[in-house]
Amino acid sequence: FIAELLDVGRAVSEWDKVANVPLVDVIAGCVGMLHQTAEKKGVVLSFARTDCRPIVPGNVNALSRIFNNLVSNAIKFTSAGGTVNVSVEDKGSSGVVVSVADDRKGIPAEKLPRLFDRYSTPSRVGTAGEKSTGLGLSITKELIELHDGRIEVASLEGKGSNFKIYLPTA
């Protein structure tokens, strides 16, 4: 809990360290780091690499935190035999869209309106009993907004979730 709050504080305090970041490299690093976690759980983690190489103005540590949170959550709420798919779509002058989708647990409809609110609802336990503080998505949203982006989610309980992150490009 405290570590997550400190991470946000650190990301905000490092905001002067903004650079043009190759987004695909950041995401590939996160997916690579979490691949073993997914494998141990019996979850297939895939990153649909495309030819697009969008450059995003931002803080590399904050961007890493965003995608680590989203991909690790997707793994946490996907049971063995499920899949987590990460993809990047370059929208030209409209920016870039990153999708992190899973195909298992989904989010109850009544939790969706306050999903990104800090302290609003108790966190859920993952499919293998993983615990959480319930702060990850609110922190993720704050970091995305620091990058002048936005996050949306579509989810059906028992079917899965798809988080879409929209970021401007340099």
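**Exercise 1. Describe the hairpin formed by strand 6 and strand 7.**

Solution. Step 1: strand 6 and strand 7 form a hairpin with 3 residues between them; strands here are DSSP runs of E, at least two residues, and helices are runs of H or I, at least four, numbered from the N terminus. Step 2: in the turn, Gly158 has a positive phi of about 85°. Step 3: strand 6 covers residues 150–156 and strand 7 residues 160–167, paired in the antiparallel sense over 7 bridges (pairing requires at least two DSSP bridges between the strands). Step 4: Glu152 has Lys164 in strand 7 as its bridge partner.

The model is predicted: local features need pLDDT of at least 70 and side-chain atom pairs count only at pLDDT 80 or more, while totals for chains, interfaces and linings use all residues. Residues are numbered from 1 along each chain as its sequence is written, and side-chain values use heavy atoms, without hydrogens and water.

**Exercise 2. Determine whether Val100 is buried or exposed, and list what Val100 touches.**

Solution. Step 1: Val100 belongs to strand 5 (residues 96–102). Step 2: Val100 counts as buried because its relative accessibility is 1% (buried is under 20% relative accessible area, exposed over 50%, partly exposed in between; 1.4 Å probe, protein chains only). Step 3: leaving out residues up to four places away in sequence, Val100 touches Leu70, Val71, Ala74, Val84, Asn85, Val86, Ser161, Asn162 and Phe163 (contact means heavy atoms within 4.5 Å). Step 4: Val100 and Asn162 are 62 residues apart in sequence, with a C-alpha to C-alpha distance of 5.7 Å.

**Exercise 3. Locate Thr78 and state its accessibility class.**

Solution. Step 1: Thr78 sits in the loop between helix 3 (60–76) and strand 4 (83–90). Step 2: its relative accessibility is 0%, so Thr78 counts as buried.
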